Amino acid sequence: MSKIFAQDQLLTNLSDLHSYSYDASFGTYLPNAVVQVKNVDEVSAVLKLANRYRVPVYPRGQGTSLSGGPLPVKGGIVMDLSQWKQKLEIYPDDLVAIVSPGVLTSEINKAAEKYGLMYPPDPSSSHVSTIGGNLAENSGGPKGLKYGVTKDYVLGLEVVTPEGEFIRTGGRTIKNVTGYDLTKLIVGSEGTLGVITKAFLKLIPKPPTTQTMMAVFDDLVISGKAISKVLTSGILPAKIELMDRSSIIAVENYRPLGLPVEAEAILLIQLDGHEETLNKEIEETNRIVREVGARETVIPGSREEADQLWQARKLVSPAIVTLKPTKVSEDVAVPRSKIPDMIDRLNRIKEKYNIHLVVFGHAGDGNLHPNIICDQRDTEEMIQVEQAVSEIFNAAIELGGTLSGEHGIGTMKSPFMEEELGSITLDMMRRIKTAWDPNHILNPGKIFPEPDQNSLVLRDG
């Protein structure tokens, strides 16, 4: 590859390889080389060479994956696309953005806002994660309740197949039913079917006004019932975020913001739309949550106060890792009607295994983030964590839910794939993988469970 790439694009020094050996999940796996690609020809050249010699290739953005998506679990080549960010074009008349894979997701929304538009998917990592990584994982975010997730805003893609061939799926039109929907197949395939080199994204008009409310509860399960009640009332908030008592206290200790530390849970609710409509909806939302059992509601008097509440939610992840060094981040999702049941199950799992379980997340669409704070160096504690994570997944599936709402499967959740999907469905997915990637070189070890895989959080390579 040294004949194909400039010296600064091909990394083989041990220190560089270690920088690409981990992501935001668990385990470290050292690649044999790293190549920073910046155009389609370079991607194609790497994949054709890798196919010839059966060398694994792992597409990677900024490495923010919480499920092990870009980890080089079988050695080989990490393909870094984070430097490929030359294209960020907004076409306001078409409500379309065209972007390179290395563009930061938040930059797309910033560019759209100049035209009174927005790109709604807003994962917590959007200020550091690339759109290529978000497309691979089908990322969501708080606005997923009202606006949907990444796949709902992808009109088309340009992709290099595992065998190094260039294809285009979809395009710039809103309607397109020509042939199989390969766009939706590739989005969320976690880099196992192709390398995304360009995306055509749908934009929408930005709502003129927003209003925020904080509802305070003395019972975590009751807060879940309040969510269901609001959503069946005919009001559709842009966001409903949940923070349990552990996350409230962690944030207050990390950066005091005046949160009610004695509460068992708070809901942060954001409505958006036209001002007159919002005034009525915020009044109705206030009435509903109080009727269900909120002991207090707070409606910020200014944009700054509202931003402070949402800042509290964003601080949960950095705040909780100050308690112990290891954070197991899960993101199960259940039907909205089952949110109270899932919260109850999480409480029981927490007590059963005596673990530090923090519950927060995008509760409005049933996507909860049960995070376990622990110390990976404590083997006995990690055995308890393993068992608790297993029960969390089982609980979600039993309630009609799913292993992942937005973080993907990667290496972390693959042992549970058959339990949710069944053997026939999983086999059909394997057949699709083989058809696209006959030599199985592209991001191996992801999504599909390995024969010897029996650990959720303790693997290392």
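How many of the nine residues of strand 14 are buried? Keep that in mind while you look at the structure. One caution before we start: this is a predicted model.

Now the count. Strand 14 covers residues 265-273, and nine of its nine residues are buried. Take the two sides in turn. In a regular strand, side chains alternate between the two faces of the sheet. On one side of strand 14 sit Ala 265, Leu 267, Ile 269, Leu 271 and Gly 273. On the other are Ile 266, Leu 268, Gln 270 and Asp 272. Both faces are covered.

Which strands pair with strand 14? One is strand 12, residues 209-217. Strand 12 and strand 14 are antiparallel, with nine bridges. Find Phe 217: opposite it, in strand 14, is Ala 265. Another partner is strand 13, residues 239-244. Strand 13 also runs antiparallel to strand 14, and six bridges join them. Here Leu 242 faces Leu 267 of strand 14.

Hold on to those two leucines. Leu 242 and Leu 267 are among the residues with the most contacts inside the largest nonpolar core. Val 289, Met 342 and Ile 372 are on that list as well. The core has 57 residues. Helix 13, residues 379-398, gives the most to it: nine residues. In soluble globular proteins, nonpolar side chains tend to be buried together.

Zoom in on Met 342. Skip its neighbours within four places in sequence. Its contacts are then Val 332, Val 334, Leu 368, Ile 392, Ala 395, Ala 396 and Leu 399. There is also a second, separate core, with 27 residues. It includes Ile 90, Leu 135, Val 154 and Val 187.

Next, helix 2, residues 40-53. Its 14 residues reach 20 Å from first C-alpha to last, close to the 20 Å expected. At its N-terminal end, Asn 39 is the cap: a side-chain oxygen lies 3.1 Å from the backbone nitrogen of Asp 41. Just after the helix, Arg 54 has a positive phi of about 55°. Buried residues in helix 2 include Val 43, Val 46 and Leu 47. Strand 2, strand 3 and strand 4 are among the elements that cover the buried residues of helix 2.

The order is 1-2-4-3, and the pairing is mixed. Strand 1 and strand 3 each have a single partner strand, so one side of each has no neighbour in the sheet. Strand 2 and strand 4 pair in the parallel sense, over four bridges. Val 34 has Val 78, in strand 4, as its bridge partner.

How values were computed:
Residues are numbered from 1 along each chain as its sequence is written. This is a predicted model: local features need pLDDT of at least 70, side-chain atom pairs count only at pLDDT 80 or more; totals for chains, interfaces and linings use all residues. Side-chain values use heavy atoms; hydrogens and water are left out. Helices (H or I, at least four residues) and strands (E, at least two) are DSSP runs, numbered from the N terminus. The expected span of a helix is 1.5 Å times one less than its number of residues. Buried means under 20% relative accessible area, exposed over 50%, partly exposed in between (1.4 Å probe, protein chains only). Contact means heavy atoms within 4.5 Å. A polar contact is a pair of N or O atoms within 3.5 Å; within protein, one must be able to donate a hydrogen and the other to accept it, and residues adjacent in sequence count only if both atoms are side-chain atoms. A nonpolar core is a set of buried Ala, Val, Leu, Ile, Met, Phe, Trp, Tyr and Cys residues joined through side-chain atoms within 4.5 Å. Two strands pair if DSSP finds at least two bridges between them.
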